[in-house]
Amino acid sequence: MARNRVLYALTIIACIIFSMAYTSKISAILLFTVLLYPVFAAVFTLVLMLNVKAEFVVPRAVIDKNEPFELVIMLKNRSFLPGVPVEVYCHIPDREIGLFADKHVFASVSPMGQARLSIGCVHKYRGSYVCAIHSLSFVDPLRIVRLTKKQKRYMPTIFLPRKLPLADILSTSAGEQSFSPKKPITNEREDFSHVRSYHIGDVMQLVHWKLTAKQDDLMIKQFDSVNDMRAAVLCDFNVYPGECNLMLRTDTVIETALAFVREAVNKGIYCSVETGELSRREPIMVYDNPTFDGFFELMSVIPAKLEVADFVWTLDNIDVGSTSAIIIITTELTPELVARAKAASHQAAVFYAYINLSQKELPEDFSEEQLVFLDIRRAGERGLKSAAEYANGLADDR
């Protein structure tokens, strides 16, 4: 635009010289037209500014993280003047970096028409975010006059974590000594007390197929509450010294927890999930598909940094007597946590799911007969290795 203004100023000077050298009506009209153009340009851009607006096509979006999607912005022109070009200044996920960034998008709008902007976006972390349109800028056809107006439009956007199968989580464990050959979560009991009719949300693994075949109606095995298997899933959201990428840490913990809880639900096992949040006094109970869906929605929008109790305190306050299995999901491998996990393994099955963001070899072999140790290396987002190398580089720079 600055170059256009310089060229316009040179044009004025040339017209003045021409009118002085040739005193004629043509030179006077030409000079008057050139001098009058800024007024026309100002009126042109002002009319556009008053009559063009931008808005998101949908009021709210729910999208899978790390998956490309099209963000659509609609421009509407209520004037008889063409909007060429209109600059939209917005805050949206950038396809290249996978994070939110301020972007300038240009579009042309026909008179009394509208333009649909489809912008390719990607976001590599889950969570609740807000896409925003900050302002619209308008210029005249010669790009000499520029007017900007604030255009505050917002669209809440939720990026969902991946629903990784537990088999995929465990297959990333490095080395044969890193985890026990025991099945992580099983439920092969036949000590059910009675059967009942199928209700929406019941897991299909609890169907009594022989009785279903006889009665031609789905029948579900019902267990006494005393014999029900229960699992306690402990999510470590504490912030530890030296951590560089809190969102990556939180995502890997959440996706690993979702994998364990969904496997437990499919096996008919009641899960009690502890996130350590100080604002949450009771654990999250997950026992069927509807409660898992609610748990998934909750974990999708949990912030990267929470006000949480000390994880050691959370581990010490688990009711081991009423729990069949304890699943510890953490990005830390400290002697204190390992010692407490080993102590709890004398009363219940304990799974220490260590999310190895650094992907380094473990300093020692933590596997024991009582404690099932899982060295999980790629439970987080795609490209976790490069992200971890970047985080390690930042830590080394410090």
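Reader: To begin with, are Glu-255 and Lys-65 buried or exposed?

Author: Both Glu-255 and Lys-65 are buried; buried means under 20% relative accessible area, exposed over 50%, and partly exposed in between, computed with a 1.4 Å probe on protein chains only. Please note that this is a predicted model, in which local features need pLDDT of at least 70 and side-chain atom pairs count only at pLDDT 80 or more, while totals for chains, interfaces and linings use all residues. Residues are numbered from 1 along each chain as its sequence is written, and side-chain values use heavy atoms, with hydrogens and water left out.

Reader: What do the side chains of Glu-255 and Lys-65 form?

Author: They meet in a salt bridge, at 3.0 Å from N to O. The term denotes a side-chain nitrogen of Lys or Arg within 4 Å of a carboxyl oxygen of Asp or Glu. Glu-255 belongs to helix α5 (residues 246-266), whereas Lys-65 is in the loop between β2 (61-64) and β3 (69-77), so the pair links distant parts of the chain, 190 residues apart. Helices (H or I, at least four residues) and strands (E, at least two) are DSSP runs, numbered from the N terminus.

Reader: Which residues are linked with them in a network?

Author: The network of salt bridges joins Lys-65, Arg-126, Arg-162, Asp-251 and Glu-255.

Reader: And how many salt bridges does the structure hold?

Author: It holds 11. One of them is between the side chains of Glu-87 and Arg-146, at 3.1 Å from N to O. Because Glu-87 lies in strand β4 (residues 83-93) and Arg-146 in strand β8 (residues 146-160), this pair ties together parts that are 59 residues apart in sequence. Glu-87 is buried, with a relative accessible area of 9%, while Arg-146 is partly exposed at 37%.

Reader: What about Arg-340: with which residue does it form a salt bridge?

Author: Its partner is Glu-336, with the closest N and O atoms 3.3 Å apart. Arg-340 is partly exposed at 28% relative accessibility, and Glu-336 is partly exposed at 43%.

Reader: Changing topic, at what angle do α5 and α6 pack?

Author: Helix α6 (residues 289-300) packs with α5 at about 175 degrees, their axes being 11 Å apart. Axes are lines fitted to C-alpha atoms, for helices over the stretch in contact, and angles run from 0 to 180 degrees between N-to-C directions. The two helices are therefore roughly antiparallel; angles over 145 degrees count as such, under 35 as roughly parallel, 65 to 115 as roughly perpendicular and the rest as oblique.

Reader: Which residues make that contact?

Author: From α5 they are Ile-254, Leu-258, Val-261, Arg-262 and Val-265, and from α6 Asn-289, Phe-292, Phe-295, Phe-296 and Met-299. Contact means heavy atoms within 4.5 Å.

Reader: Where does His-123 lie?

Author: His-123 is in the loop between β6 (114-121) and β7 (127-139), and this residue is buried, with a relative accessible area of 2%. Not counting residues up to four places away in sequence, His-123 touches several residues, including Lys-65, Phe-100 and Phe-159.

Reader: Finally, how many helices and strands are there in the protein chain?

Author: There are nine helices and 16 strands. Of the 398 residues of the protein chain, 47% count as buried.
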